[in-house]
Amino acid sequence: MTARAERHDDELIARRRLTAGPDRVWAAFTSPASIAAFWGGSHATVPPGSVTVDPRPGGEFALDTRGPDGRTRRLRFVYVSLTPPHELVFDEPVTGLRTTVAIRPAGDGTDLTVHQRRLPLELRTDQAADGLASILDALAAHLRDDEPSRKGDDHVPAEPA
């Protein structure tokens with residue numbers, strides 16, 4: 001399954017079913033290493049050292065994206081609200097863009113919806129919709145690659161002394 005993204009005037013909504021549970025999805029959206037692994041989607045990379053996360057209302061979340069042409073752009077967001085592990089809301093102060101990340105249990109996985117409101121004109125494009133969908137697909141791949149073993153506990157206890 002791949003992500004679907006829809007544009008409606010100044011809104012963009014992307015949805016993706018994930019095999020990981022809500023706690024793992026939440027952790028991916030609040031961990032600098034995970035954000036670096038998926039945030040660029042198929043259109044950019046995120047240098048791991050560029051990601052900072054202060055997950056509290058008023059806290060900042062920032063990262064650099066590096067496009068295929070090598071140009072780097074700094075993105076900065078301010079958390080409005082956090083309801084672990086169900087919802088993150090953050091604003092981009094420069095454009096006024098508001099993003100709501102809704103994480104809902106679905107069977108043994110998660111239904112993820114990313115809803116962006118107050119899109120600036122330059123983001124009201126099919127390219128922006130495809131970019132957001134590719135980020136959610138990269139998140140799904142990251143969660144699969146980072147999945148804990150399903151074979152049981154791989155921990156081998158130490159021999160008694």
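Helices (H or I, at least four residues) and strands (E, at least two) are DSSP runs, numbered from the N terminus. The views below show a predicted model.

**View A. The largest pocket and its lining.** The space in the largest pocket amounts to about 970 Å³. Its lining is made up of 36 residues, of which His43, Arg73, Leu75, Leu123 and Ile135 lie closest to the pocket centre. At least two lining residues come from each of strand S4 (60-66), strand S5 (72-83), strand S7 (98-106), strand S8 (109-117) and helix H3 (126-145). Helix H3 provides the largest share, with seven residues. By residue type, the lining of the largest pocket comprises 18 nonpolar, 11 polar and seven charged residues.

**View B. The largest nonpolar core.** In soluble globular proteins, nonpolar side chains tend to be buried together. The largest nonpolar core of this model contains 38 residues. Phe29, Phe38, Trp39 and Leu112 are the residues with the most contacts inside this core. Helix H3 makes the greatest contribution to the core, namely nine residues.

**View C. The surroundings of Trp39.** When residues up to four places away in sequence are left out of the count, Trp39 touches Phe29, Val46, Phe61, Leu63, Thr65, Leu75, Phe77, Phe90 and Ile135.

View D. The structure holds nine aromatic pairs. In one of them, the rings of Phe61 and Tyr79 are stacked, with 6.0 Å from centre to centre and 20° between the planes. This pair connects distant parts of the chain, since Phe61 belongs to strand S4 and Tyr79 to strand S5, 18 residues apart. Phe61 is buried, with a relative accessible area of 1%, and Tyr79 is likewise buried, at 2% relative accessibility. A second pair consists of Phe77 and Phe90, whose ring centres are 5.2 Å apart; their planes meet at 70°, and the pair is therefore edge-to-face. Because Phe77 lies in strand S5 and Phe90 in strand S6 (residues 87-91), this pair ties together parts that are 13 residues apart in sequence. Phe77 and Phe90 are both buried.

**View E. The peptide bond between Pro84 and Pro85.** Most residues other than glycine have a negative phi, and most peptide bonds are trans. The bond that joins Pro84 and Pro85 is cis, with omega of about -15°. Pro85 is located in the loop between S5 and S6.

View F. Although Asp9 is not a glycine, its phi is positive, at about 50°. Asp9 occupies the loop between strand S1 (4-8) and strand S2 (11-18). With a relative accessible area of 72%, Asp9 lies over the 50% cut-off and is therefore exposed. Arg118, also a residue other than glycine, has a positive phi near 60°. Arg118 is situated in the loop between S8 and H3. Its relative accessibility of 41% falls between 20% and 50%, so Arg118 counts as partly exposed.

Note on methods: Residues numbered from 1 in each chain as written. Predicted model: local features only at pLDDT ≥ 70, side-chain atom pairs only at ≥ 80, totals over all residues. Heavy atoms only, no water. 1 Å grid on protein atoms, 1.4 Å probe; cavity = no way out; pocket = protein on both sides within 12 Å on 5 of 7 lines; lining within 4 Å. Points joined across faces, edges and corners; volume = space filled by probe spheres on them. Nonpolar A, V, L, I, M, F, W, Y, C, P; charged D, E, K, R; others polar. Core = buried A, V, L, I, M, F, W, Y, C linked by side-chain atoms within 4.5 Å. Buried < 20%, exposed > 50% of the residue type's maximum accessible area, 1.4 Å probe, protein only. Contact = heavy atoms within 4.5 Å. Phe/Tyr/Trp six-rings, centres within 6.5 Å; stacked < 30°, edge-to-face > 60°.
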